[in-house]
Amino acid sequence: MLPYERLVVWKEAHALAIDCFRASARWPDYWLQRQLRRASASVAANLVEGSSHLSNAEFARFIGLALGSAKETEYHLRFAQDVGVLAVADACALLAKAGRVSRMLQGLRTAVRRASPRKVQ
């Protein structure tokens, strides 16, 4: 497996988590802040965990978990915008980043699934 630090999608997911953390720093609703931070950090964390497994099938499973967390992040961003704690411009920028990460994860999962089912060295 590639070290996760070399995955462009991991770098993008890590940056998204940092951006979400910073964007939610002054939110009055601790629940929403915590949900967004957890979901966004989970994207990159699942890639780290999945890259440590030796089989493509296991890595693909963790990519799927990361994709689910990316979609959850998108929802929390939309919700934050709709309840008025996140400015429309900030929401648009973060949603664009989250969408890009989701598309990258879908592509990576497809590539990993198509790769040989043998264990990766």
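Axes here are lines fitted to C-alpha atoms, for helices over the stretch in contact, and angles run from 0 to 180 degrees between N-to-C directions. I needed that before looking at any helix pair.

**Entry 1: ground rules**

I am working with a predicted model, in which local features need pLDDT of at least 70, side-chain atom pairs count only at pLDDT 80 or more, and totals for chains, interfaces and linings use all residues. Residues are numbered from 1 along each chain as its sequence is written, and side-chain values use heavy atoms, with hydrogens and water left out. I took helices from DSSP runs (H or I, at least four residues; strands are E, at least two), numbered from the N terminus.

**Entry 2: α1 against α2**

I started with α1 and α2. Their axes are 8 Å apart, and the packing angle is about 160°. That makes α1 roughly antiparallel to α2.

I then looked at handedness. α1 passes α2 in a left-handed crossing. Left-handed means that the near helix is turned anticlockwise from the far one by less than a right angle; clockwise would be right-handed.

Which residues of α1 meet α2? I listed Val9, Trp10, Ala13, His14, Ala17, Cys20 and Phe21 on the α1 side. On the α2 side I found Leu36, Arg37, Ser40, Ala41, Val43, Ala44, Leu47 and Val48. Contact means heavy atoms within 4.5 Å. By class, this contact has 12 nonpolar, 2 polar and 1 charged residues. Ala, Val, Leu, Ile, Met, Phe, Trp, Tyr, Cys and Pro count as nonpolar, Asp, Glu, Lys and Arg as charged, and the others, Gly among them, as polar.

**Entry 3: Leu47**

I picked Leu47 out of α2. Is Leu47 buried or exposed? Leu47 has 0% relative accessibility, so I noted it as buried. Buried means under 20% relative accessible area, exposed over 50%, and partly exposed in between (1.4 Å probe, protein chains only).

I set aside neighbours within four places in sequence. Leu47 then touches Tyr4, Val9, Trp10, Phe59, Ile63, Ala66, Leu105 and Leu108. Ile63 is 16 residues from Leu47 along the chain, and their C-alpha atoms are separated by 6.1 Å.

**Entry 4: α1 against α4**

Next I turned to α1 (residues 8-23) and α4 (residues 88-114). Their axes are 10 Å apart, at an angle of about 155°. The two helices are therefore roughly antiparallel. α1 passes α4 in a left-handed crossing. I counted classes for this contact and got 12 nonpolar, no polar and 4 charged residues. From α1, the residues include Val8, Glu12, Leu16 and Asp19. From α4, they include Leu94, Lys97, Arg100 and Met104.

**Entry 5: Val101**

Val101 sits in α4. At 0% relative accessibility, I put Val101 down as buried. Leaving out neighbours within four places in sequence, I found Val101 in contact with Val9, Glu12, Ala13, Leu16 and Val43. How many residues along the chain separate Val101 from Ala70? They are 31 residues apart, yet their C-alpha atoms are separated by 7.2 Å.

**Entry 6: α3 against α4**

I checked α3 (residues 56-82) with α4. Their axes come within 9 Å and cross at roughly 165°. α3 and α4 are therefore roughly antiparallel. The crossing is left-handed. This contact divides into 15 nonpolar, 6 polar and 5 charged residues.

I looked at Ser69, which lies in α3. Ser69 is buried, at 7% relative accessible area. Residues up to four places away in sequence aside, Ser69 touches Ala39, Ser42, Val43 and Asn46.

**Entry 7: a loop residue**

I found Pro28 in the loop between α1 and α2 (30-51). Pro28 counts as exposed, with 72% relative accessibility. Pro28 and Val85 are 57 residues apart in sequence, with 7.9 Å between their C-alpha atoms.

**Entry 8: cysteines**

How many disulfides are there? I counted 0 disulfides, a disulfide being a pair of cysteine sulfur atoms within 2.5 Å. I noted Cys20 as buried, at 0% relative accessibility. Cys92 is partly exposed, with a relative accessible area of 45%.

Note on methods. Angles under 35 degrees count as roughly parallel, over 145 as roughly antiparallel, 65 to 115 as roughly perpendicular and the rest as oblique.
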